[in-house]
Structures are given as C-alpha cells and as structure tokens.
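Here is a short report for a reader new to this structure. It takes a ligand site and then a helix.

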Number of protein chains: 2
Amino acid sequence: MNSLKIPITVNENKNEKTPSNQLVFGTKFTDHMFIADYTEGQGWHDHRIVPYQPITLDPSASILHYGQTVFEGMKAYLSEDGIVRLFRPEENMKRMNNSCDRLSMPQIDEEFALDALKQLIELDKEWVPAEPGTSLYIRPFMIATEAHLGVSASKTYSFIIIMSPVGSYYKEGIHPVKILVENEYVRAVAGGTGTAKTAGNYASSLKAQEVADREGYSQVLWLDGIERKYIEEVGSMNVFFKIDGEVVTPALNGSILDGITRKSIISLLKHWGVPVTERKVSMEEIREAYLNGKLDEAFGTGTAAVISPIGELRWKGELFYVNNGETGELSQKLYDALTGIQKGTVEDPFGWVVEVK
Amino acid sequence: MNSLKIPITVNENKNEKTPSNQLVFGTKFTDHMFIADYTEGQGWHDHRIVPYQPITLDPSASILHYGQTVFEGMKAYLSEDGIVRLFRPEENMKRMNNSCDRLSMPQIDEEFALDALKQLIELDKEWVPAEPGTSLYIRPFMIATEAHLGVSASKTYSFIIIMSPVGSYYKEGIHPVKILVENEYVRAVAGGTGTAKTAGNYASSLKAQEVADREGYSQVLWLDGIERKYIEEVGSMNVFFKIDGEVVTPALNGSILDGITRKSIISLLKHWGVPVTERKVSMEEIREAYLNGKLDEAFGTGTAAVISPIGELRWKGELFYVNNGETGELSQKLYDALTGIQKGTVEDPFGWVVEVK
Ligand SMILES: Cc1ncc(COP(=O)(O)O)c(C=O)c1O
Ligand SMILES: Cc1ncc(COP(=O)(O)O)c(C=O)c1O
C-alpha cells in the first residue's frame, strides 16, 4: 500500500479561513479530508483525498447504535522556518490500532496512514496557522458503517482524517485550571474500554463534566471505579503531581489512556534527571501532601493543551490551592521544552519531531 | 406537540419485501422513517415522516467522536385478528429519557414519540409480518449531530425511528442457548453508563463476544466489574435462575439495564404466586446449586428473544448443564404467556398491550 499514490479530488470552493487570533477549537475544518474504506474479506480500499464533505450513513449504520468507533488527536505546527512539524505521529497511529483491537475493529497500516496524513497536510498547508499557541489539530478516526441492527462487529468501516486550525485549547492559555475530583461517576475500570480512545468513554464523561462546568471547574479528575480512592486521569489529560521534589503520575493500570504527552513528559524528566515515578496515587496522599505543604505542583498533560497547570483541586468539598494557584516552575519548564521541540525552536534529543515535506 | 399532525412524505419507491420465513434480524427496513431535530434554545422541531433514507452528518459530528447516542428496541406484533399490538411501549420511551439524562442529551416528549411511532406503523402496516415468531422490530434512537470537535454536550440532535421486519432473534428459536461467563472483560460498573441503552456499552462488549463466538457460545454473561463475583446480565438480556423452586434475578444495582421483559417476568411470576427475588446472585451460588442438583432452570429475558432458556453455562473452564440442556417448564410457560399477551391470544391482566389503530 505504501508506494501507492493517493487519488486527490481538489476542492474548488475553498473554505473561508478564520483569522488566527479568532480560532475556536474544532469548529473550522480545512479544504480536504482523507478517506479509506474497509470491507471484510477485501481489506482497505478506495483510499482518497477529497473536498471536506458530509458523510452519508444508513440510519441502521453500526456506529450510530453500537458505537464502534475510535479516534486520535494530534497536531501539526508551523515554525518560523516555514517547516510543518508533527509530534510523534507514529505513536498516535500505534495507539489507534490498539484502540481498534479493543473495539474489534480492523487494523490500519500505520505507515500508510502517516503517509496519507502527510500528503493531506501538504495539500492543505496554507491552513496550518503560524501564531504562537496555534496549530493544526488532526483528527484521524474510524467508524463502523455496516447497515445492520445487531450487536456484532461491523463488516465495513471508514477511516477518515479531518484537520482543524486551532488556537489554544483553553482560552486561558497556560494559566492554571480548576479541577473537580469526581466522586459519583466513573470513567472506566480495568476490563472496560478506558485504555482505548473510543467514543463511549467521552459520552459517559459528559454528565460529570456538566456538574464541573456548573461549579466553575474546567474538567473533572476521575478516581478508580473500584475503591474510588486512586487517581486515574483528568477529562482529556493525564495528570502529574510534584510532591516533595518527586514527580508522580498514575501508572498505566488498564483503565487510563496511555497519553503521548504523558510518556514524553516522563522521558523529558528522566533526561533532566528529575525523579519521576509511575505508581498508584491516592487522593488521600495528595491531601496529606497538601496539608503538610509538600504538594509543590500539579498539572495535566495532553495534546490539546500540552501542559495544563492545576491551580485548584476540589475533593469532597475540600479545596486544595496548588502552588497558590500559580503556574509552577516545573510545569512552565516542561511546557516550554515540549512546545519548543514541537515548534522546532528547541533541540529534539529524542527524534520525536517528524517534518512534513 | 401532541395534537400536531406529522407531515408525511410518501416513499414512491417501495422497498422490496423479504418472505417472512427468510427474515434476518435487522437488515431490511420498512419504507418510511420518523425524524425530529433538536436545537439548543429552540427544542424539538421539524418532526416528519419521510422515505427510509441515508443520514448525512458532518465528519466532525459529535456522535462520530464522542458517542452521544441512545437507543431503544421494541416490537410490534400482528395477530390473526389483523390488529397490530405494541408491548409496553411507554416503558421504552421512559427508559429512553433515562438514558438521555445519563448521556446529557435532551428529553423527548414520550407521548408525542409514541404517537409518532403509531403513525409510522400505521403507514408501514403492510411491513408487519404475521407468521408465528415474527414481528416488526422498532428502533427509536437519538444521535448528537453538532459539527464540533470538543468534549462537550452537542447543541443539536436528531431523534429517529426506523423499523425492521424480523424473524426470531436466535435462529434456534426457543431452544436453549450456551452462555460463556466472562472473566476478563467488564461491561459496566456503578457510576458508569450500564443502566443506559447507549452505544458505548455495546461497543465494549464485542471483544468478549468474539471469544464467545469462537468457542461456540451464543452470548456472554457479565460479572460485576469490582469483585468479578456477582452476576450482572447477558449480552442483550437480563438473566434469571430458578434455584430450589425460587426464582432469583440480579437486582437493579446501577450497572445493569432495567429490562422491560425482566420487569414483566417479575410481575407475571408474582401474579402466578411463584416466589421471585431481586438480589445479588454470585456465580459461586450458581455453582453450588448446580452441584447440589438445585439449579432447576436458567433463562435470559429481552425484547429480541423474549425468553432464552440457558442450556449450558461455562465459568472458568467448568461446565454447568442446566436442566440437561433442555428448555425448562417455567421458561416455556413464561415464553408462552408473554408471547401470547404480545400477540393478543392470551388475556393481558396488566394492561401491557397497546393497539395501533
Ligand atoms: C482521556 C484522555 N486522557 C489523556 C489524554 C492525553 O493523551 P495525549 O497526551 O496522547 O494527547 C487524552 C487525549 O488527548 C484523553 O482523551
Ligand atoms: C444490555 C441489555 N440488557 C438487557 C436487555 C433486555 O431489555 P428489554 O427486556 O427491555 O428488551 C437488553 C435489550 O434488549 C440489553 O441490551
């Protein structure tokens, strides 16, 4: 598949662009999209780049009823040198295949998908915004399309890539966010779909997010679904704490997402010689650390916001003001390093960055 | 809304009908469908009956990424008297609203939805098959349609009803099925979405179902996600056991579906004076009962198959042959009573049946 040229149908009616400083996350899309179709017994076929356009589905299509769908989220950055860079895109393709496996969906050819993505970016290059904090958000996703009501794996799928120029995920930028620790709802347990990037995990989170919104918190922090003691992750971020000089983050336990920003942060910290441990972290431990003045910093990590310092945590009616509600030194240093590598302004000792040519 | 007439666009190209004895579950649909759209701030609007047709969605539509969708499953039966009957349809509409609440989706007007359904059935009445065991399967569902990548509740939705003439769900009819007790994967835990009829629950079940298929079992039986000890439900059925003369079924614990067949069975048993208890039921208890010769019967209950006697259970490599793999007396009696009420051939002491006129 890798050497095949992808047929391109050019969009003759270019979409109107939003000025970079007015970009809202995920509402505006580029001129083109990539699609490939899958049929059981035949494999992937009819890969093509076409004008961004609606998808047509039978009302009985599997995705609409039984939720067989996975997605990825990644970004392309345009630097002053005019080069567009992707950050560890092969990790996203690999994770997509892991998600597909959990959802009984077919595997994609990771190399071919990355190649298709590069061709799509090349075509829509003028859509990659340049201003600091902006990027091109990339959403590869796969949906089950078979017209059949019945709980079984679909026999047909579409793999699609759409792209959206975005400003910062949080309007506040790298200012600290307020996070509500969730006690009623559960995101996932081991044996469920928590490690997959699949729709159901997000659908189930909205109810808790509603409460958080109402109370003025930007996201919820999930606890484990069994004992409701241990920290899992934040709505769309993994989470780190700096306690008494040591950085800790919940271990990959079968119910949280294996975040690419998370694993990059761990590598960076190790590279810098900062102690970092993946293990169980309980809310009680965070509370103790806070009360003893040892909770130095807390931050979320994810593609959308890169690093989100946590300025306030609420747990069972108790408030913890982390680092006096200010961005911590380490959070800032990690943000600068990671966004610098992504933008090509800081040396990339890990070979994380992939240039689009 | 209730008194409004629903605009109908007639399908001029009738779909071809499959002979009743060749019906496959959920692959063939009637000539028309019902749709209504919802817009935040405006509510439901543009309700209409139109020819069965594809749905068009933006590639960024919320349903495709974040899984905000709920559905229902119910049936219409045609009797020899020429009357089409629905079974407790108001219960489905009520449960749909409960599901919507869990998924942060708007409520439907239950009475109006039922009225719309009746008008749709009336229009496609010739599609309701008459042969024993056949029925018209009805699938109301709601999907989030907003074109926006971002984990938040959609601002727009569509509520759709499609209908499919069906034979028996299991090709075998009321013959006993083989069920595999699942030890690795988890369907839901309290605090999750297990009580809602939403796509993610089914997507997450496919992996386990794959294993069951491979091993020759028709569905899996889920255990609780916390201790992996207590029985929850079967793939798309609730489950009952007759142990030493007493009928038991797992209590509604916040992670299983509140099945309409389940609650009807409980009412029927009480009506008949058969002892029935809703409580925790462990696999260990089932094993004990089996080994002591006290596991009289086991059966699943659901709209699709009504009653599915369980002839064989496999748990951690151990096999339990329930009632020598034959349909139990009580299972058969419940099946006859319930399908009789649904078809209008047995008296309906509960007022469960709603005639479509
Ligand atoms: C649930 C969840 N956790 C964590 C993350 C962070 O993952 P990544 O760093 O790969 O973006 C995301 C997504 O971005 C997510 O959706
Ligand atoms: C998970 C699950 N449990 C139980 C049932 C049975 O519910 P009902 O009797 O309302 O059809 C269903 C659906 O039919 C189901 O999907």
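Which ligand 2 atom lies 2.5 Å from a polar side-chain atom of B:Glu233? A nitrogen atom does. The model is predicted: local features need pLDDT of at least 70, side-chain atom pairs count only at pLDDT 80 or more, and totals for chains, interfaces and linings use all residues. Residues are numbered from 1 along each chain as its sequence is written, chains are lettered from A and ligands numbered from 1 in written order, and side-chain values use heavy atoms, without hydrogens and water.

| Residue | Ligand 2 atom | Distance |
|---|---|---|
| B:Glu233 | nitrogen | 2.5 Å |
| B:Thr303 | oxygen | 2.6 Å |
| B:Lys197 | oxygen | 3.0 Å |

Taken alone, ligand 2 exposes 380 Å², and the protein buries 96% of that. These areas come from the Shrake-Rupley method with a 1.4 Å probe. Around ligand 2 are 16 residues, each with a heavy atom within 4 Å. B:Tyr202, B:Glu233, B:Ile260, B:Thr261 and B:Thr303 come nearest. By class, the shell has 4 nonpolar, 8 polar and 4 charged residues. Helix H6 (260-272) and strand E15 (295-302) of chain B each give two or more residues to it.

Now to chain A. Helix H3 there covers residues 110-123 and has 14 residues. From first C-alpha to last, H3(A) reaches 20 Å, close to the 20 Å expected at 1.5 Å a residue. A:Asp109 caps its N-terminal end, with a side-chain oxygen 3.2 Å from the backbone nitrogen of A:Glu111. Several residues of H3(A) are buried, among them A:Phe112, A:Leu117 and A:Ile121. Buried means under 20% relative accessible area (1.4 Å probe, protein chains only).

Conventions
Helix = DSSP H or I, 4+ residues; strand = E, 2+ residues; numbered from the N terminus. Expected span 1.5 Å × (residues − 1). Buried < 20%, exposed > 50% of the residue type's maximum accessible area, 1.4 Å probe, protein only. Polar contact = N/O pair within 3.5 Å; in protein donor to acceptor, adjacent residues only side chain to side chain. Nonpolar A, V, L, I, M, F, W, Y, C, P; charged D, E, K, R; others polar.
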